Amino acid sequence: MLNEVTAALAAIEAEGEFATELACASGDLHVEVEGVGPLRFPISVAAARKLCAVARPAPHGRRDITYGRSLLGLPTKASFV
């Protein structure tokens, strides 16, 4: 599969941004989340609740300023010096 992906990316002639997509059966997908364990698909209600319990917002930003969202969805801003 890695050779197929490499060949597909090498065949792209346009410069700049690009995207690729690869579909596979969920049986071929192995996902393990710290604090939850291995996931099976489809995700059960119990596994979804565990995922919500350990989830945290991903920070994003630029240079020394990081933006995020509180658990209530309200914007937060942290500046690191």
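Reply: Let's start at K50, which lies in helix α2. Helices here are DSSP runs of H or I with at least four residues, strands are runs of E with at least two, and both are numbered from the N terminus. Before going on, a word on the ground rules: this is a predicted model, and local features need pLDDT of at least 70, side-chain atom pairs count only at pLDDT 80 or more, and totals for chains, interfaces and linings use all residues. Residues are numbered from 1 along each chain as its sequence is written, and side-chain values use heavy atoms, with hydrogens and water left out.

Back to K50: its relative accessible area is 46%, so it counts as partly exposed. That label covers the range between buried, under 20% relative accessible area, and exposed, over 50%, with a 1.4 Å probe and protein chains only. Along the chain, K50 and G37 are 13 residues apart, and 9.5 Å separates their C-alpha atoms. A48 is in helix α2 too, and with a relative accessible area of 30% it is also partly exposed. Its C-alpha sits 9.5 Å from that of V36, twelve residues away in sequence.

Now step back to the loop between β2 (37-39) and α2 (45-54), where you'll find I43. For background, most peptide bonds are trans.

Leaving out residues up to four places away in sequence, F41 touches S26, L29 and V31, where contact means heavy atoms within 4.5 Å.

Together with L29 and F41, I43 forms a nonpolar patch on the surface, with about 230 Å² of accessible area between the three. Patch members need over 30% relative accessible area and no salt bridge; like charges are joined within 9 Å, and nonpolar side chains (Val, Leu, Ile, Met, Phe, Trp, Tyr) within 5 Å. A salt bridge is a side-chain nitrogen of Lys or Arg within 4 Å of a carboxyl oxygen of Asp or Glu. The areas come from the Shrake-Rupley method with a 1.4 Å probe, and for residues only the protein chains shown count as cover.

To place this stretch in the whole chain: there are two helices and five strands, running α-β-β-α-β-β-β from the N terminus. Buried residues are 6% of the 81 in the chain. The accessible surface comes to about 7600 Å², with 58% of it belonging to carbon and sulfur atoms. Among contacts with a separation of 6 or more, 0% join residues 24 or more positions apart.
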